[in-house]
Amino acid sequence: SSGINAEYGGIGRIHARLAELNMIDNTLIVFTSDNGALMDGPGSNFPLRGGKKDFYEGGIRALTWVNSPLLQSTGYVNKNLHHITDWYPTFEFLASGVNKRKFKRKKNVNAHVDGVNIWNSISAGSSCRETVIINIQRTDRYNTNEESQHDKLIVN
């Protein structure tokens with residue numbers, strides 16, 4: 001509890017400083033994680049099963065908190081499917097200018113990124129993807145774990 005309170009206080013100080021510098025109107029604050037907590041550590045993934053290094057929801061689902069006056073919708077829980085790799089093309093889009101509304105990537109610049117721009121999803125709640133590849137293990141054959149919004153597919 002004291003750790004959470006300290007974090008909230010830090011976020012408040014960052015927000016206040018950005019407002020003081022007249023930068024908050026064009027700022028996106030994101031706190032996120034890349035996976036669930038360790039099963040044998042102090043963290044908890046309850047009520048999800050599994051943890052870090054698992055393909056169960058406790059190992060692949062993570063909380064993200066987003067704050068910005070640029071968001072079209074606020075105060076809701078976004079249940080759309082996102083992946084940690086989606087932040088790079090999203091930040092690239094935002095840096096190119098939100099007012100442009102049409103994102104045009106220059107030829108051969110980051111043409112092979114794994115993520116997708118999720119701005120419309122986090123800003124307005126629109127779905128931007130239906131599946132995410134969670135893991136590919138190279139062996140004699142490929143083992144693929146894929147998460148979708150409706151089910152989990154594990155192919156051996």
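This is a predicted model: local features need pLDDT of at least 70, side-chain atom pairs count only at pLDDT 80 or more; totals for chains, interfaces and linings use all residues.

The protein chain has four helices and five strands, and reading along the sequence you get α-β-α-β-α-α-β-β-β. There are 156 residues in the chain, and 25% of them count as buried. The accessible surface comes to about 11,400 Å², with 51% of that belonging to carbon and sulfur atoms. As for contacts, if you take those between residues at least 6 apart in sequence, 53% join residues at least 24 apart.

Okay, the core. Which residues make up the largest nonpolar core? There are eight: Leu28, Leu71, Trp87, Phe93, Leu94, Ile118, Trp119 and Ile122. Helix H3, that's 87–96, and helix H4, 119–124, each put in at least two residues. The largest share, three residues, comes from H3.

Now the salt bridges. How many are there? The count comes to two, so let's take them one by one.

One of them pairs Glu20 with Arg17, and the closest N and O atoms are 2.4 Å apart. Both sit in helix H1, residues 2–20, and because they are three residues apart there, about one helical turn separates them. Are we looking at a buried or an exposed residue in Glu20? Glu20 is exposed, at 57% relative accessible area, while Arg17 is partly exposed at 43%.

The other one joins the side chains of Arg129 and Asp86, at 2.7 Å from N to O. Where do these two residues lie? Arg129 is in the loop between H4 and strand S3 (131–138), and Asp86 is in the loop between strand S2 (65–67) and H3, so this pair ties together parts that are 43 residues apart in sequence. What about burial here? Arg129 has a relative accessible area of 14%, and since the cut-off for buried is under 20%, Arg129 counts as buried. Asp86 is buried too, with 0% relative accessibility.

Technical notes. Residues are numbered from 1 along each chain as its sequence is written. Side-chain values use heavy atoms; hydrogens and water are left out. A nonpolar core is a set of buried Ala, Val, Leu, Ile, Met, Phe, Trp, Tyr and Cys residues joined through side-chain atoms within 4.5 Å. Buried means under 20% relative accessible area, exposed over 50%, partly exposed in between (1.4 Å probe, protein chains only). Contact means heavy atoms within 4.5 Å. Accessible areas come from the Shrake-Rupley method with a 1.4 Å probe; for residues, only the protein chains shown count as cover. A salt bridge is a side-chain nitrogen of Lys or Arg within 4 Å of a carboxyl oxygen of Asp or Glu.
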